[in-house]
Amino acid sequence: MGYRLEHGGHIDRSQPIRIRWNGREIEAFAGDTIASALLANGERIVGRGMKLHRPRGILSAGCEEPNALVTLGHGAELEPSARATMIPVRDGLEVQAQNAWPSVRFDLGRVLDATAPLWHAGFYNKTFKWPSWDFYEQWIRRTAGIANPPRKPDPARYDAVNAHCDLLVVGGGPTGLLAAQIASRAGLTVMLAEQDFQWGGRLLATNTLINGAPVAVWLTSVLGELATSRNVTLLSATTAFGLYDHGSAGLLQRLDLQGAAPPIRQRYWRVHTKQTLLATGAIEQPLVFEYNDRPSIMLAGAIRQYVNRYAVAAGRHIVFATNNDSAYLAALDLVAAAVPVQLLVDSRAEAPAQLAGWLRAQGVEVRAGTTVLRSLGKKDLRGLQLNTGETIDCDALGMSSGWAPAVHLYSHARAPLAFDETRQSFLPADSKPPLLAAGALAGRVTLEESFADAMRAAERILAHASRPADLQVAQPLVEEPPVAAQVGALSRPGAGRSDRQWLDFLHDVTVADAEVALAEGYTHIEHLKRYTTCGMAVDQGKTSNLNALLTVAEMIGRNPAEVGTTTYRPPFTPVALGALAGRQVGERYAPRRLLPAHAEHQALDAHWWEAGGWMRPACYPRAGENVRQAAQREATAVRASVGIFDASPLGKIEISGADAARFLDRFYINNVAKLEEGRVRYGLMLNENGVIIDDGTVARLGPSRFLVTTTSGGASRIVNWLDEWRQCEWPGLNVFVSPVTTQWTTIAVAGPRARELLKRFESDIAIDAKSLPHMSFAEGRLEGVAARLYRVSFSGELGFEVNVPARHGAALWRELLRRGADLGVVPYGVETALLLRLEKGFLHVGVDTDGTTAPADVGWGEVAARKKGDFIGKRSLRRPNDLRTDRLQLVGLTSEDANVLVAGAHLRLPGTTKGSDGWVTSAAVSPALGRPIALALLRGGHARLRETLEIHDLGKRGTATIVKSAFFDPEGARLHA
Amino acid sequence: MIPPGRTMQRYSFLALARHAVNGNRKWPRVLHQPTLKKTYDAVIVGGGGHGLATAYFLAKNHGMRNIAVLERGAIGQGNSGRNTQVTRSDYYHLVSSKFFDRSLCLYEGLSRELNYNIMFSQRGKVSLAHSPHEMEVLRRTVNAIRMNGVDSEMLTVADLRKLEPMLKIDCRYPIEGAAVQWRGGISRHDAVVWAFARGAGALSVDIVQGCEVTGFTIEGGRVTGVKTTQGSVATPRVCIAVAGHSSVLARKAGFELPLHSTCLQAMVTEPVKPLINTVLVSAAIHVYVSQTGRGEVVIGGGADVFSSYAQRGGLPVFESNAQAAIELFPCLGRLRVMRQWAGVVDISPDTSPVMGLTPVEGLFVSAGWGTGGYKAIPAGGETMAWTVANGRPHELIAAFGLDRFAAGALVDEGAASGVAH
């Protein structure tokens, strides 16, 4: 049972802190993690395995922890599966064990362990098929999922930051700190990230002297210097979670680990760096033996860290089992802190003489050639059985199977790894700038080697950055025990039950599972991983992948290098979705674009629609009116008198340059090169496949100046389209493409009294029918303001589109309403505009067309065929499929039944029983005609005028008659008024 | 003739119990390690779901036994192991709808057909609409699907609230309704790969891993063999099913495929208790979300905007996928992403697959699956097997031939659905 030591540790004993563990208050000190606090308070069982619900204790002291996953907080601030080993304590912190019921000590899920052989690797592939998977899944879903999720919106705020630097150093241990210090003195801009909330990495776990003083002295001096260097950004509690293309890296800064309820919970750094130095250290690996999963069986280095950093002893009768030198250091440190060590067993035939000698001198028994066969106990560890047949009593075991370099980030960058026989693990192969690996990550074992490696790495970094090779820092001197890199073979005993030897603690994957997988042929390491799910738990295999790999290699008698490792995928440790999203959630998920006259529309109680990013009035309902009724009223008023419509989102693009006419002519299916000045032409644009992508007008402002309008939705898309062709295909043309959509407010004035209303404005533009006929354009001034006036119509009425600079838009809108009050002027919105154009059968690209519609399908075939010059999409119009007569063609429909004649309803011609012959693209009850009308794309529709067909909508049926698509004023008399 | 040692153990709970008593030491081999022979009646290039399914159906439906599947790495490690496991058939065009519904029907019986639980979970696939226009588009799609005889219905906001209590209806683009295909859902992608591999292996198909095809032997416009890193193989029939690298391989056979390859990324969160009940897709908030049986929330979104074979996604799309997921489910903010990855998707100009014959006689292709190949595995395998066996396209895939681009007969599902997919 663990307890707190009287002295020592990097904790602040003057600051006692109380946290709640499963509702009970326990004591801790500032600087403790939840794990060290639990250990200090004698807690042994802190979690349960995912599959078999076996009791589990704290294994590690870092991010690799697979067992001590706990739930923090409650309600909206609930945080599932936090690593108790990474979270510093703070007053009032609520900590709950998870994946256990009713409690973590007495969990009914334990019944699964009693029947464990049934739940071997891949068992679910072999059963639960009858009557159906759905039947079982509902139960399995409830038992799986190791923690309860928050069920309320996350109230926290997150930041996202872009940062640039010359050097990103990942890892704030000895290697990273020293390299950062050198790079900083050489003048590089440096970012240094350390995932722990304290700096120092492995230094915190040792009691070595640096330059003759405790590590804290060196740490304080280096950190003090870095903190005051203006070219250094120090980020503690910050995990570099992924390396990406072109020197970009993702970092997560856990501000929530640095105090209670900070205003920003976490900050996501998107770093763009010229060079990266990885000093991510190494992760100690567990030994594999029978019942190696019992609580109080810990990593040797973790026991050492709990003593040195937190002044916590893991037990009163501690035994170490190892296949390498590092556990000796742990044992020595324990003895130095007056924590009794009972025994150290080393699986190697010979113990390291000096280290063993020191330990023996302290009264610790050391036995070489000895391994642990199995652990003994019920829930907790009581003792060990050794391969000598002997049984040893103990209450904690520190095990070490060597240290696996944390190659994850290095591997994200697709840099090569090589298997190292000495260390029995994968190391970065041949790392070079701009991506360097150093320190324990590069296989350095002693502190001295790591410091030397940092010096070498810094030298290469400076050379790569073309800086003088003056390091300006002397390598710190250390006195430390001699430690060799050599690791003994994976000491899995041949005897014992393989189904009780754990590889992956959290997912409950045992050696037996690997045996089943291999027997069944899932031999490739990726198959083994996916079949057994080893390494796929939330710890992503930091303490299981290597053991699985070595075990498999041993079983199939191949070299681990041939077996290879699985793909390391980001993130290194899990990252909150909220942090990745940053501020771009809720209202900020996407910006809203407001019209210049937004406030005026608001004052008129506009019913808003968001279309193409713009907030647009759909209509202006009066009391008691719904959208449909309001649109009907507004449409009637426009046809009777005059209405005004804010069409500002209409795309407006100026095309200028000597080749402007040639350029534009290549986009439209109709001829625009010969358009006269002051005239406007309506045209269609196609893509290479001959499909209509946009429609709009072209006005000629001068010999080499045109103003193009596009649909509102196409405004930015068409600018890109024009520019892509200009830049990539026809760079020789002298032409400029300038988007001016937002520079101008566009207000459509439509109705029989439109001219009368406009005449009330002082202007140098003559607007009588002769001076400004339908489809013409003039520039001038309106009430002293620059104005561009179109005589065009989307409503079928006498219509103008008045363009004034955007800053005058609101005033123009107000004045039109004021001066037209006696004419009965009505404001109308998008819904009304679409209703008016539907009555005319005018095309709405993207609604009445889709990604297959060609000009001939909407009645523009002849225009396209007549044009002599080339245009985009022309050759596609001659493909066999485009010449078919049974294409979907735009027609008008009328019906007695407005309930079935709705947009989205489908059509069947007589004789069709399956599938569809087309669909209704737009539909409404026409206020002018008083009956339901619609546009539809119908198979071979142009040849079927006056035929009747079936309409189908969500199970309802009706009939409709095919008519011409111009329902109202087909001759266009009103347009030309 | 089935090679010795390739017997298939029937899987059942009873078998599980029997083996448990025996200490699970006698489970027979499922994935075999055959050595490459010199001659095959047909060679399938690519050991993903499509390749394995094609081999399985060639053996099962067409009696061919001398077949090899050649896989460069390990089976199922490409897009078959990198997708978001969604199965559905709510396609717009009749030809697509027929094909994908055949696939869904096969999926519905696959666990039994292959005696391997693929964990096929028909929890419903919901498409959200965020504007009146999107509602019209959905209505059009739902009607089209229904007219094709496939199930689909509209959901109101009230229905959605009941179905997905955690969904934020009043999000940045307020949800106005949805369409649902109840037969849509998810399954376990690795299981599908292994199930087909096990089935094919038992029918004596040689699945050769670690064998890369480096070229083709073509004589007089006819394929006569393939060159591999393990030597040359003579065969009169070859089917290319290699997803993201289809155009690379096609070039080695001397023809072009109109495909571009880009990375599509996805991610899963740490596992939690049930939170999301269906598969949700939103076009306006470009994301799809579901939760696995194990409790992980799977999130996918748009493809990276640049062409790449890197099998690795970048940060910008990673972020936007997170933003989109939170926009729909604000309670996800504190859940943590556990893994992020990407697959290389091969996208055709009309986002429909390219299946069937090629300019080289005896050489067939199953490609252009873009972001939707997983759901097509069973029917893709079945129809390609028929096509390889008969030398002409199966009727279900006739519209997806390579010749459609010259004819202009595109099956534009992207245009029909209004979203890139």
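Predicted model: local features only at pLDDT ≥ 70, side-chain atom pairs only at ≥ 80, totals over all residues.
## A helix pair in chain B

Let's start with how helices sit against each other. Two packed helices are described by the angle between their axes and by the distance between those axes.

In chain B, take helix H2 (residues 49–62) and helix H6 (residues 189–202): they pack at an angle of about 30°, and their axes are 9 Å apart. Angles under 35 degrees count as roughly parallel, so H2(B) is roughly parallel to H6(B). As H2(B) passes H6(B), the crossing is left-handed.

Which residues make the contact? H2(B) brings Gly49(B), Leu52(B), Ala53(B), Tyr56(B) and Phe57(B), while H6(B) brings Val193(B), Phe196(B), Ala197(B), Gly199(B) and Ala200(B). Sort the residues of this H2(B)–H6(B) contact by class and you get eight nonpolar, two polar and no charged ones.

## A helix pair in chain A

Now hop over to chain A. Here helix H8 (residues 326–336) and helix H9 (residues 353–361) pack at an angle of about 25°, with 10 Å between their axes. H8(A) and H9(A) are therefore roughly parallel to each other, and they cross in a left-handed way.

On the H8(A) side, the contact uses Tyr328(A), Leu329(A), Ala331(A), Leu332(A) and Val335(A); on the H9(A) side, look for Leu355(A), Ala356(A), Trp358(A) and Leu359(A). By class, the contact of H8(A) with H9(A) has nine nonpolar residues, no polar ones and no charged ones.

## The largest cavity

The largest cavity contains about 270 Å³ of space. It is lined by 24 residues, and the closest to its centre are Gly541(A), Asn545(A), Leu546(A), Thr565(A) and Tyr568(A).

Which elements give two or more residues to the lining of the largest cavity? In chain A, these are strand E27 (403–405), strand E29 (425–428), helix H13 (525–532) and helix H14 (545–556). H14(A) gives the largest share, four residues. By class, the lining of the largest cavity has 13 nonpolar, nine polar and two charged residues.

## The second largest cavity

The second largest cavity has a volume of about 180 Å³. Of its 15 lining residues, the ones closest to the centre are Arg83(A), Met86(A), Arg254(A), Thr573(A) and Pro574(A).

Strand E7 (residues 79–83) of chain A provides the largest share of this second lining, three residues. Split by class, the lining of the second largest cavity has eight nonpolar, three polar and four charged residues.

Conventions:
Residues numbered from 1 in each chain as written. Chains lettered and ligands numbered in written order. Heavy atoms only, no water. Axes fitted to C-alpha atoms, helices over the stretch in contact; angles between N-to-C directions. Parallel < 35°, antiparallel > 145°, perpendicular 65-115°, else oblique. Left-handed = near helix turned anticlockwise from the far one by under 90°. Contact = heavy atoms within 4.5 Å. Nonpolar A, V, L, I, M, F, W, Y, C, P; charged D, E, K, R; others polar. 1 Å grid on protein atoms, 1.4 Å probe; cavity = no way out; pocket = protein on both sides within 12 Å on 5 of 7 lines; lining within 4 Å. Points joined across faces, edges and corners; volume = space filled by probe spheres on them.
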